[in-house]
Amino acid sequence: MRYLIIISVLVVAYGVAEGGEYPLGFSPISNEVSLYQNCSDDGDNLGQTLQLVLINSIDIGTELGVEFTADFNRKMTPGKDRDYYLEFGLVKSVWKNFSVNYQRIHGTFIGDPVNQFGIRYRF
């Protein structure tokens, strides 16, 4: 999983303009870093969350959407000092606003990694 994170960050940092003279085309769609203070409705401190959301379009012979989401929590889950949620996805447009996608999910609160295969409608 460590290599997946490193590769995702390198792809985002490389930033090759789409339609260039490179075999790899890259277009950033949304790259966000957020820091949250979590609290209950009563105002109790529920820890902090660092969230990374990286959504990009990449050409490797065909255009794919590449999505990476990560939440790193501190003192949010009872009994744990830290926990995390990682999601990596590939999206391929197939017709109009329909796409097929694959997502791989890892997390401290998920017993085994999860593979998701699905269809998506964008509106």
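**Reading strands, burial and contacts**

Visitor: Leaving out residues up to four places away in sequence, which residues does N101 touch?

Guide: Touching here means contact, with heavy atoms within 4.5 Å. By that test N101 touches L90, V91, Q116, F117, G118, I119 and R120, not counting residues up to four places away in sequence.

Visitor: Where do these values come from?

Guide: This is a predicted model, so local features need pLDDT of at least 70 and side-chain atom pairs count only at pLDDT 80 or more, while totals for chains, interfaces and linings use all residues. Residues are numbered from 1 along each chain as its sequence is written, and side-chain values use heavy atoms, with hydrogens and water left out.

Visitor: In which strand is N101?

Guide: Helices (H or I, at least four residues) and strands (E, at least two) are DSSP runs, numbered from the N terminus. N101 sits in strand β5, residues 98–107.

Visitor: Is N101 buried or exposed?

Guide: Look at relative accessible area: under 20% is buried, over 50% exposed, partly exposed in between (1.4 Å probe, protein chains only). N101 counts as buried because its relative accessibility is 12%.

Visitor: How much of the protein is buried?

Guide: Buried residues make up 29% of its 123 residues.

Visitor: What is the overall pattern along the sequence?

Guide: It reads α-β-β-β-β-β-β. The protein has 1 helix and 6 strands.

Visitor: How many bridges join β1 to β2?

Guide: Two strands pair if DSSP finds at least two bridges between them. β1 and β2 run antiparallel, and 13 bridges join them. In this pair, Y36 stands opposite T49 of β2. L35 faces L50, also in β2.

Visitor: How many residues lie between β1 and β2 in their hairpin?

Guide: There are 5. G43, in the turn, has a positive phi of about 90°.

Visitor: What about β2 and β3?

Guide: They run antiparallel too, joined by 12 bridges. S57 has G65 in β3 as its bridge partner. Their hairpin has 3 residues between the strands, and G61 takes a positive phi near 85°.

Visitor: Where is N38?

Guide: N38 is in strand β1, residues 25–39. N38 is buried, because its relative accessible area is 15%.

Visitor: Which residues beyond four places in sequence is N38 in contact with?

Guide: They are D44, N45, L46, G47, Q48, T49 and M76. N38 and K75 are 37 residues apart along the chain, and their C-alpha atoms are separated by 9.6 Å.

Visitor: With which side chain does the side chain of N38 make a polar contact?

Guide: A polar contact is a pair of N or O atoms within 3.5 Å; within protein, one must be able to donate a hydrogen and the other to accept it, and residues adjacent in sequence count only if both atoms are side-chain atoms. The partner of N38 is the side chain of T49, at 2.9 Å.

Visitor: What share of contacts joins residues at least 24 apart?

Guide: Take the contacts in the protein between residues at least 6 apart in sequence: 30% of them join residues at least 24 apart.
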